Amino acid sequence: MMQLKNDQSRYGAIAKAFHWAIVALVITQFILANQAHDLPAGLEKLQVLARHKSVGITIFALAVLRLLWRLFNPVPAYPAAMPRWQHLAARSSHFLLYALLLVLPILGWLMSSARNFPVSWFGIVTLPDLIRPNEAAFHFLHEAHETLAKVLFVLALIHAAAALKHHFIDKDDVLRRMLPVKLKGTPDRASSD
Amino acid sequence: MHTRLKLASLAALTLLFGLALAATQWTLQPGESQLTFVATQAGAKFEGRFEKFEADITFDPESLAGARFDVRVDLRSVNTQDSERDSIIKGPDLFDVDRWPTAHYVADSFTAKGGGKFTARGKLTLRDVTRVVPIEFTFERANGGAWLKGSATLNRLDFGVGQGEWKDTESVGNEVAVRFSLRLM
């Protein structure tokens, strides 16, 4: 049976669920954002953006919960063979990824307020406006939101590439310990510590 | 009765009646007055306003029989703080301002609700539809003039504001609240 909490060698089911749910939702966000970008002003664009906002707020909430979980439930150790510079690279990229998961939704929320399109979470809860409508602020926030989304895109690719490198080149368990299922044909390697 | 006397009393009556009318006929102060609405997009309410409107208000709380509101709203002046949304609202599927640039509200039936509150039963014409829309309002004398403040709720689809895909009420709510605060002198 899969354990819920992390231990020194692997992530528990809850940390994995947070990770993969956020992966799925972030991919959804890029798809919805690109759809909205290509649509003319109209009902469909309104609907796509409403979904994008609801998913964004969901990501924000999940990221907060995930960080709280992480705070009380330390993450597995890095492989013993991993060089110092990679520790630093991993730490800073994880920090940035978390920061973007929090900052992007807030920028989106600010954008919506600035454009007088208040945010509703799936039509269930309406969020209060953070700032008053202001066209100049909207354009600035829109730029910032888009630019940081591109940063997130690149960082997520680096993150995935690094995980694959650990698996296929370093042949350690960094990728496997976050996978939701065991890889077929790969025996459970003992942790490196 | 002499003809001259008859004419004189008629003139006096006309003058008196005119004065009585003049006493309750107000001039709208556009700079201090506001006409706003609250609509719903994707489940969240947002506020918009009309920058241009005219109102002929004849109102005396002591004599409701002669009261009358005649309000004309320039729908091209709609402002929701987003030009993209404004042009959709002005477009053929919603207000269609090229064909119907003005909304018109006329009320001449008033009821006092007590405590300075009143109800008007007037007719609103939006696009090519005219329907009864009651409004609730208060009337307060202030600084030599008066404030007329109130609200009404209407369903946009009753007036055809929302054709084709814009009939969808999940993305754009049917109910729209209208609020006004009119400064009268």
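This is a predicted model: local features need pLDDT of at least 70, side-chain atom pairs count only at pLDDT 80 or more; totals for chains, interfaces and linings use all residues.
## The segment after helix 4 of chain A

A:K171 sits in the segment after helix 4 (135-170) of chain A. Helices here are DSSP runs of H or I with at least four residues, strands are runs of E with at least two, and both are numbered from the N terminus. Phi of A:K171 is near 55 degrees, a positive value in a residue other than glycine. A:K171 is exposed, with 11 other C-beta atoms within 10 Å.

Residues are numbered from 1 along each chain as its sequence is written, while chains are lettered from A and ligands numbered from 1 in the order in which they are written.

## Chain A overall

Chain A has four helices and two strands. Their order from the N terminus is α-α-α-β-β-α. The C-alpha trace spans about 55 × 35 × 30 Å along its principal axes. Of the 193 residues of chain A, 22% count as buried. Take the contacts in chain A between residues at least 6 apart in sequence: 61% of them join residues at least 24 apart. A contact means that two C-beta atoms, placed from the backbone, lie within 7 Å.

A:F122 also has a positive phi, near 50 degrees, and is a residue other than glycine. A:F122 lies in the loop between strand 1 (120-121) and strand 2 (125-126) of chain A. With 14 other C-beta atoms within 10 Å, A:F122 is partly exposed.

## Helices 2 and 3 of chain A

Helix 2 of chain A packs on helix 3 of chain A at an angle of about 145 degrees, with the axes 9 Å apart. Axes are lines fitted to C-alpha atoms, for helices over the stretch in contact, and angles run from 0 to 180 degrees between N-to-C directions. The crossing is left-handed: the near helix is turned anticlockwise from the far one by less than a right angle, whereas clockwise would be right-handed.

Helix 2 of chain A contributes residues including A:K53, A:G56, A:I57 and A:F60 to this contact. Helix 3 of chain A contributes residues including A:Y98, A:L101, A:P105 and A:G108. By class, the contact has ten nonpolar, three polar and one charged residues. Ala, Val, Leu, Ile, Met, Phe, Trp, Tyr, Cys and Pro count as nonpolar, Asp, Glu, Lys and Arg as charged, and the others, Gly among them, as polar.

## Where the chains meet

14 residues of chain A are in contact with 15 residues of chain B. On the chain A side, the largest share comes from helix 2 (residues 43-71) of chain A, with four residues. By class, that side has eight nonpolar, five polar and one charged residues.

## The largest nonpolar core

The largest nonpolar core has 63 residues. Such a core is a set of buried Ala, Val, Leu, Ile, Met, Phe, Trp, Tyr and Cys residues joined through C-beta atoms within 7 Å. B:I57, B:F69 and B:A120 touch the most other members. Helix 3 (residues 84-114) of chain A supplies the largest share of this core, eight residues.

Beyond its neighbours within four places in sequence, B:I57 is in contact with B:W26, B:L28, B:F69, B:L148, B:L182 and B:L184.

## Chain B overall

Chain B has two helices and eleven strands. Along the sequence they follow the pattern α-β-β-β-β-β-β-α-β-β-β-β-β. Buried residues make up 27% of the 185 residues in chain B. Among contacts in chain B between residues at least 6 apart in sequence, 52% join residues at least 24 apart.

## Helix 2 of chain B

B:R85, B:I88 and B:I89 are buried in helix 2 (residues 83-90) of chain B. Seen down the helix axis, the buried residues fall within an arc of 100 degrees, so they line one face of the helix. That arc is taken from the directions from the helix axis to the C-beta atoms. The buried residues of helix 2 of chain B pack against strand 6 (78-79) of chain B.

B:S83 also belongs to helix 2 of chain B. B:S83 counts as exposed, with 11 C-beta neighbours inside 10 Å. B:S83 and B:D70 are 13 residues apart in sequence and 29 Å apart in space, C-alpha to C-alpha.

## A loop in chain B

B:S33 is in the loop between strand 1 (25-27) and strand 2 (34-41) of chain B. With 17 C-beta neighbours inside 10 Å, B:S33 is partly exposed. B:S33 and B:S181 are 148 residues apart in sequence but 5.5 Å apart in space, C-alpha to C-alpha. Leaving aside neighbours within four places in sequence, B:S33 is in contact with B:L28, B:S181, B:L182 and B:R183.

Definitions and conventions: A residue is buried if 20 or more other C-beta atoms lie within 10 Å of its own, exposed if 12 or fewer, and partly exposed in between; C-beta atoms are placed from the backbone.
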